[in-house]
Amino acid sequence: MLPESFTPDFLSQLELLRIRSRRAFLGSRQGGHVSPKRGHGIEFSDYRKYEAGDNPRHIDWGLYARTDRLYVKRFQEEQDLHVLIVVDTSASMGVPAEDTKWETARDIALSLAYVALMEQDSVTISALGRFHSPPFYGGRGIHALGRMLCEVKPGGGKNFETDMQQAASRVRFPGVAIVISDFLMPFGVLETWFLSLRAKNLDITAIQVLGRGDITPLENEHSALAIDSESGTEIELVMDETERRDYGVLLMQHNQLLKTYLFESRIPYALALSSQNLVDIVRGSISETGLLR
Amino acid sequence: MNLFGATFGFHWPWLLAGVPVLIGMLVYVYLRRGRGKRIIVGTLLILKELRRPVVARQKFMPPFRFFFELLVLILLMLGAAELYERKAEERTAIVIDNSLGMSARDSLGMGRDRLFDRAIAEAETTLRKLSSRAKVKLYETSPSLLSLSPDFEDPDTARERLKEVKVRYAADNLETSVLRLAGDASIEQVVIFSDRPAVSDANRPSSKLPSSKFRMVGVRLPSTKIENLALTRVSIMRDPLVEGRSQLKAGISSYASEPVQVRLLHEVLAAAGAPLVKMDEKTLTIPALGNETASFELRAGQASRVSLELAEHARDIRHDAIDEDNSAWITYQSSSMKILLVGQYAAQTLGLQQVPALHFDSWIPSDFERRAADAPYWQSDRAPAAIVFHRYVPPAFPPRNALFVLPPANNPLIAVGAEVHNAEITRWVSAHPLIAYLNLPVLNMPSLQPLPRLPWAQEIVSTTVGPALLAGELNTHRYAITGFEMFPYEGKNRPLLSILTLNMFRWLTDLPLESGFIQVHTPLKLEGTGWKAQYVGAANPAPQGREENGQTIFSFEAPGVVQLNPPSGAPVLQAVNFFNEQESNTLVLRELTLPAGDNASAEDRQTQHPLSALLAMVVLVLLGLEIIVLVLPKR
């Protein structure tokens with residue numbers, strides 16, 4: 001069960017893409033990604049001296065003729081890639097509902113999962129605090145993943161760090177990790193998140209999803225009693241122009257801090273606005289990070 | 001409520017009960033205020049940097065503005081409750097009920113104080129309690145509301161003046177007095193001292209509470225039940241059918257809860273200077289709260305006195321609270337009343353000079369038509385008490401009570417039918433006073449002109465051919481119409497018609513034809529000037545007559561027999577009585593209805609210096625300050 005935005009057209013476009021990792025990871029199955037493992041791949045890797053027990057089929061007889069030494073040809077093995085997609089399901093992703101932040105994040109996750117599955121990669125989706133799916137292989141897995149994600153309603157969000165640590169602890173193979181969140185949380189929490197994933201030797205990409213309500217909150221209100229959707233904390237606010245301007249500056253500072261950290265950690269970052277078209281997000285900002293090719 | 005040397009009050013004090021509720025609402029509103037709309041946002045991560053977060057207002061820590069708004073609210077409530085200030089110079093009316101009923105004494109106690117004495121003592125206490133800056137007017141209610149103080153005076157002077165208040169032979173007149181005082185804007189408070197209870201609030205709708213202007217001080221005697229016996233009427237009954245036979249009838253009322261035996265004494269005054277001579281004595285038993293009539297034969301003399309007292313053996317167990325209503329006087333000759341006869345026949349011809357106590361003037365119709373428009377005549381005292389139109393009908397109904405006897409055909413007012421012989425009576429209103437004592441079925445009407453049915457008149461006697469006797473009131477005058485001839489008046493020779501004639505005149509003049517006395521305070525008009533009057537055998541001061549339009553007018557303040565001396569000629573005696581059942585009734589006291597609050601409040605506002613306008617101004621200034629100091633700087 002996929003969301004309505006997954007039209008055949010869009011799926012055809014996704015099938016042309018593939019997940020790219022910046023490093024080679026050992027896979028568990030044969031796949032389309034170059035593995036550090038030498039073996040029976042197509043692509044020549046290097047030579048090594050023949051040792052007893054090597055398959056004589058791999059001896060480069062031409063080189064032997066020229067040098068009178070036995071060398072064995074080595075090839076790079078092509079294996080699948082373990083793709084972990086971590087989706088933030090905290091309450092802030094669903095507020096305000098008309099911003100469809102959660103839906104955007106969910107669709108991005110499913111799009112990337114589809115791309116990976118179509119490349120015979122192994123895909124695991126971790127909806128923080130909700131579920132950690134088993135690895136799925138092949139295009140059919142997208143339906144199960146779609147069903148699982150569509151059943152999730154954003155909520156909670158009080159145990160960001162623990163949720164992420166639990167998700168990281170279940171990673172068995174290194175690979176690519178894609179974190180989709182609004183990243184509107186204390187910077188310390190964010191650091192914990194990425195450290196947890198980096199400890200698992202994952203090639204991480206961060207995708208930030210923001211809605212209109214995150215950029216210009218309480219747009220039509222002069223004063224309001226704002227209630228935090230996650231903690232329930234209430235604050236009285238008067239939103240005049242000064243406050244709105246201050247808010248814009250503070251949001252920019254927060255994002256700048258995030259981006260600096262990610263840059264220093266060599267974690268690509270992409271921003272997706274919930275108002276954007278999904279195709280534009282996938283083909284645009286996400287592709288620009290180098291995650292897709 | 002005294003505050004800072006001034007006295008304050010509220011017209012609607014119960015509204016103040018709403019102040020705590022409003023304060024509670026203000027606190028609640030304050031707790032909620034400033035929060036604006038409750039909006040759930042994704043996260044306060046950045047928003048909280050703009051303002052300090054508020055977890056919840058668990059402590060009520062009101063800022064200055066709260067107290068400011070509380071002050072405005074309280075001021076508004078004070079305004080709504082109609083706060084007023086009583087000036088230190090409070091003007092009070094002390095009203096003493098000095099009616100006859102206040103002379104009731106108790107059987108208990110050594111001094112046998114009267115209700116009136118207690119009222120004076122209460123008034124004295126009240127006056128003592130008033131501040132020295134208060135101003136007082138002293139009033140007595142009977143016979144009419146009278147201020148004994150020439151102007152507002154200090155309480156001590158008013159206290160001295162209490163000695164001038166005396167019990168009068170008069171009704172209490174409290175209703176009228178209260179109304180008059182309610183309309184007096186110069187008086188802020190009225191304190192009434194009376195035995196009558198004020199109407200309880202439970203009997204009123206809530207919007208009609210008694211005005212705060214009035215305070216009733218109930219004066220009571222120690223006994224719970226005050227019993228009284230009284231003579232309530234006295235009259236001479238002349239037998240119209242037997243010449244010279246007269247009886248004196250005295251009515252006695254008992255306001256006791258048990259039957260009581262009384263002794264009645266009949267005394268006769270032979271002449272003005274002669275002593276009273278005891279003629280007769282009777283003992284009667286009066287039922288509880290009942291009436292009884294005693295009759296005495298009148299034989300000689302000029303005046304009689306009937307007096308009652310408790311029978312000797314009843315004095316220990318029963319009580320007669322008011323002594324002043326135990327005797328009554330009556331004189332045998334009485335003043336005659338003038339009746340105008342308009343018709344072709346003189347009064348003598350119709351035998352009307354035989355009707356006792358009435359004096360007839362005879363006019364022919366043309367005289368009447370000529371003088372009908374003479375307004376000064378009809379308004380003067382020479383105008384007749386009633387008019388008899390005999391076989392004649394004027395162009396319009398006259399401005400007097402009138403009897404129309406056998407109206408002619410084709411008259412402009414009463415369309416009578418054609419003459420019918422030997423009509424039979426079919427129906428009559430037996431309760432009507434016109435046909436009292438009559439055995440109507442034997443009334444013989446040889447000829448009858450049936451009367452029309454008139455919307456304002458009641459059909460008293462009906463016949464097979466139409467109404468024979470009509471009576472009713474039109475424009476406040478009584479009119480009776482007969483379709484048959486009822487004259488000449490022949491006394492006992494035609495008893496049925498004679499009694500009908502006497503009933504007619506009794507009804508038209510609305511007085512007993514021969515009352516034999518006048519009530520206290522009723523003006524007695526005597527033709528001519530120079531009349532002198534003095535009480536016979538009593539120490540009462542000589543009544544002073546007032547001379548107006550060639551008449552001497554006396555008003556007597558006490559019961560008794562008064563000798564009236566004309567400038568020339570023989571003196572005449574006039575009995576004066578005071579009969580008032582309400583004053584004599586000591587068992588059942590009438591409730592006094594005080595003016596409703598909303599009626600009196602309009603007056604109060606004029607005198608009690610309302611502060612609503614001032615409060616409104618203060619509130620406006622405070623709100624203006626709030627805008628300037630608290631609101632504008634934030635913009």
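Which backbone nitrogen does a side-chain oxygen of A:N277 reach at the start of helix 9 of chain A?

1. The model is predicted, so local features need pLDDT of at least 70 and side-chain atom pairs count only at pLDDT 80 or more, while totals for chains, interfaces and linings use all residues. Residues are numbered from 1 along each chain as its sequence is written, chains are lettered from A and ligands numbered from 1 in the order in which they are written, and side-chain values use heavy atoms, leaving out hydrogens and water.

2. At the start of helix 9 of chain A, the side-chain oxygen of A:N277 comes to within 2.8 Å of the backbone nitrogen of A:V279. Helices (H or I, at least four residues) and strands (E, at least two) are DSSP runs, numbered from the N terminus. Just after this helix, A:G290 has a positive phi of about 90°.

3. Helix 9 of chain A covers residues 278–288, and its buried residues (under 20% relative accessible area, 1.4 Å probe, protein chains only) are A:L278, A:I281, A:V282, A:G284, A:S285 and A:I286. These buried residues pack against helix 1 (8–15), helix 3 (101–118), strand 7 (203–210) and strand 10 (269–273) of chain A.

4. Turning to chain B, its secondary structure comes to eleven helices and 33 strands, and buried residues make up 48% of its 635 residues. Among its contacts (heavy atoms within 4.5 Å) between residues at least 6 apart in sequence, 68% join residues at least 24 apart.

5. In chain B, B:L625 belongs to helix 11 (residues 612–631). With a relative accessible area of 41%, B:L625 is partly exposed (between 20% and 50%).

How values were computed:
Polar contact = N/O pair within 3.5 Å; in protein donor to acceptor, adjacent residues only side chain to side chain.
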